[in-house]
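Me: Hi! I'd like to talk through the charged residues in this protein. Can we go step by step?

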Amino acid sequence: MRAVPAESPRPSRPPRSERNPGRYATVPLSRNRRRTRRWIAALAAGVLLPLPLAACGGSDSQDAEAGNVGSARAGGDVRAAARQQIASGGTLRWAVDAPPSTFNVFQPDSTEATQRVAGATLPSLFDLDKRGRPQADPDFLRSAEVTDTDPRQTVVYKLNPKARWSDGRRLGAADFRAQWKALRGKNNAYWTARNAGYDRIRKITKGAGDDEVKVVFGKPYADWRSLFTPLYPKQAMRSPKVFNDGLRTSLPAAAGPFRVAKAGKDRSRTLLKRNPRWWGDRAKLDRIVLTAVPRDERTAALAKGKVDVADIGASTAERIGASNGLGGPQRPDAAEGAKNAAEARKLEAKRREARKRKARERLGAATARALGDYEVRRALDPAYTQLTLNASGGPLADERVRRAVAQAIDRDELAEKALAGTGLPDDPLGSHLRMADQDGYRDNSGAFGSADLDSAQSLLADAGWKTGGLAGPKADGSAGKADGGQQKGEKGEKGDEKEDRADGGPAEPPAAAGSPDAGGRAPHRAAAEASVVRLTAGQIARVVDRPLGLAASATAQRGAILAQAAHSSLASAERAGSERKLSRARAALATAEKVQATAREMRLLAGDPASAVRSKDGKPLALRFVLPSGKGSAQLRATGKRIARMLNEVGIRTQIKEVPGESYFKDHIAAGDYDLALFSWPATAFPATEARPIFAKPRAASDGSLVVEQNYARVGTDRIDQLFEQAAGELDDGRRKELMEKADRRIWAVAGSLPLYQRPQLVAVKRDLANVGASGFTSPAYQDMGRRKS
């Protein structure tokens, strides 16, 4: 799996799920006939995944301030309608982040568009329900069953005899065998993104009949349902050349309700047409057009009516809500004073019209009318945002410091702020391995997932990070005392030592204890200022984002003036409906907020050095907090700044560094050039297999380098690895869940990562469209999408 940026960057893995069929049970057939959705693994701007994403629900510049955006369901919101209520024909224009660089989902550079193409055109043996449980798809499977475990685990797939590739050939063992050989990891000429599970297969043969496939495993594999979804035709996997390059521009055959008809020269548009050889329910739509629209251009594309479906950020959702008269949460007294229900409805209708008028004034009449053609459908995204702590060196190499960071952070507040206005549950996520709306979820955060400032303070003190200010270097280069001991510049035995200020001038001798100094300052104030003076320029730069060159009062005044001007510009830009002016105003407001944050930091240092920053051996406890820049990561940065303020309270300083989204993961997270970072991981229902690389203990390679797989925290234990290995081979569902619960609790204990919240999935959809939107875990049913009959 890899990381990709979207609201938050996120490394990617396919969101699959786990069901409980019993040790040798046949998997029942699903009746909803949905195609399985896969998360992408491409690196995008602002998101790792972005979803680590991974990933995918986006956010724009005002995500952190989003208001009401309509009704919401955690389990999915697609405005379901029966097929008989859907008109036949038409085109669905679907916005995607980037064009498909390949049609092969098993390649590292597959994109969101790759996943959508695969879902609409290729066999998915198992679909996901709203709680992330795989269900056998009857369009492809009559049954799938573990028939034996002794001497080896054997799975028999009974295929739907009607299932055909678009070239007329039956689906069969040859397709299974070709995919296994390409993905098992024995031939490095195949550029594969993953081979988990396929590397455990011993052989694949034809079963008792033409429609049966027998898969024999060399080692027991609990997550066997994760394999062969999607299933590619054998000609797509027959050679490394076809696998690596041949699938970049076309698919040799399809076996879904749609087929790839055309990919534009610039790959910005991919056309899918109804598959005439599809044996299942005929697709309602004639065609689906996947159109590449960057996140920061989504609002404009919607306003111009260029797309029908698009993942959006909260501020765009708020604009759509305002254009529909949904300016705020429903007031409980909406019908107050009304004599009956009819009068209450009239009252609400008037209020809605008033909100629409305000939206037209603010956004412009044309834009408001265009956005009013859409509605926002939303659900909890099968992905989560986490704080990652780099344990490879520095203060965070100490487990006590990592635990202190975890206990200094109020995850409830972070989740509440991030999900404000979405109408979705805002509880913090309590598991590294399952989502809150997923089957088998349990909160394992315990003592390490709740805010406890006293415990955080104790852990830091125990690790040697003390309060009491920082001492600068002595003339001879040695460090001064940091914990209230005699400092150079204080009157000691010789009584005449002084220390230079950070700016090069001589320092004032401190006042006598218990008395005001010559300037009338209180003793604690004088001591505070003396402590700040002793900070070196390098130490100051490590404590805040930039060296402190102005007085706190002057910096605060400047920040207030900048903020006032920015808010004025923002209001003017909103009235004018100018995206360019809005962008400039938001940038000005961000600058003002940075200046104000610097002023707060300066006041802390000047006013109370004991609580301003902890120190050890003359060095401040300061961490580099790397965040992606760009509009698509606004909410991520807002969350990061809240975390920084929380860490301030226990004496941990953060140096926030914003870097371009395209280099965020490659040059910083994967390279280990950070202390703290935020990104997202897509969910999985097969944690024993797909989550293992994220938490595996780093190992030394033969050349001396460190192999971290996807464990970007760079910390793990042998016991965690053992639990994953045991779970991957445990066919008993109950026992496997127990092993994963134990693994999750141990992952919390090492404090390498801190799950914060499950991300919101907000999708703008034309009002007349049904069976498409925010699907959550549920696999989209592409053949059922279409427009309601009028």
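Reply: Happy to! Let's start with a pair in this predicted model: Arg-736 and Asp-733 are both buried.

Me: What do the side chains of Arg-736 and Asp-733 form when they meet?

Reply: They meet in a salt bridge, at 2.6 Å from N to O. Both residues belong to helix H22, which covers residues 733–750. Because Arg-736 and Asp-733 are 3 residues apart there, about one helical turn separates them.

Me: Which residues do salt bridges with shared partners join into one network?

Reply: Asp-77, Arg-79, Glu-375, Arg-377 and Arg-767 are joined that way.

Me: And how many salt bridges does the structure hold?

Reply: There are 37 salt bridges. One of them is between Asp-97 and Arg-298, where the closest N and O atoms are 2.7 Å apart. Asp-97 sits in the loop between strand E3 (91–96) and helix H1 (112–121), while Arg-298 is in helix H5 (residues 298–303), so this pair ties together parts that are 201 residues apart in sequence.

Me: Is Arg-298 buried or exposed?

Reply: Arg-298 is buried, because its relative accessible area is 3% and the cut-off for buried is under 20%.

Me: OK, new pair. What about Arg-274, which residue does it meet in a salt bridge?

Reply: That would be Asp-286, with 3.0 Å from N to O. This pair also links distant parts of the chain, 12 residues apart: Arg-274 is in strand E11 (residues 269–274), and Asp-286 is in the loop between E11 and strand E12 (287–292). Arg-274 has a relative accessible area of 17% and is buried, whereas Asp-286, at 27%, counts as partly exposed.

Me: Changing topic: which residues gather in a patch of positive charge on the surface?

Reply: Arg-152, Arg-202, Lys-203 and Lys-214 make up that patch. Arg-202 is partly exposed, with a relative accessible area of 49%.

Me: Where does Arg-202 lie?

Reply: Arg-202 lies in strand E8, residues 201–206. E8 pairs with strand E9 (residues 212–217) in the antiparallel sense, over 5 bridges. The two strands form a hairpin, with 5 residues between them.

Me: Nice. Which residue in E9 does Ile-204 stand opposite?

Reply: Ile-204 stands opposite Val-215. As a handy bit of background, side chains in a regular strand alternate between the two faces of the sheet.

Note on methods:
Residues numbered from 1 in each chain as written. Predicted model: local features only at pLDDT ≥ 70, side-chain atom pairs only at ≥ 80, totals over all residues. Heavy atoms only, no water. Patch = residues over 30% accessible without salt bridge, like charges linked within 9 Å, V, L, I, M, F, W, Y side chains within 5 Å. Areas by Shrake-Rupley, 256 points an atom, 1.4 Å probe, with all protein chains shown as cover. Salt bridge = Lys/Arg side-chain N within 4 Å of Asp/Glu carboxyl O. Lys, Arg positive; Asp, Glu negative; His and termini not counted. Charge placed at Lys NZ, Arg CZ, Asp CG, Glu CD. Helix = DSSP H or I, 4+ residues; strand = E, 2+ residues; numbered from the N terminus. Buried < 20%, exposed > 50% of the residue type's maximum accessible area, 1.4 Å probe, protein only. Pairing = 2+ DSSP bridges.
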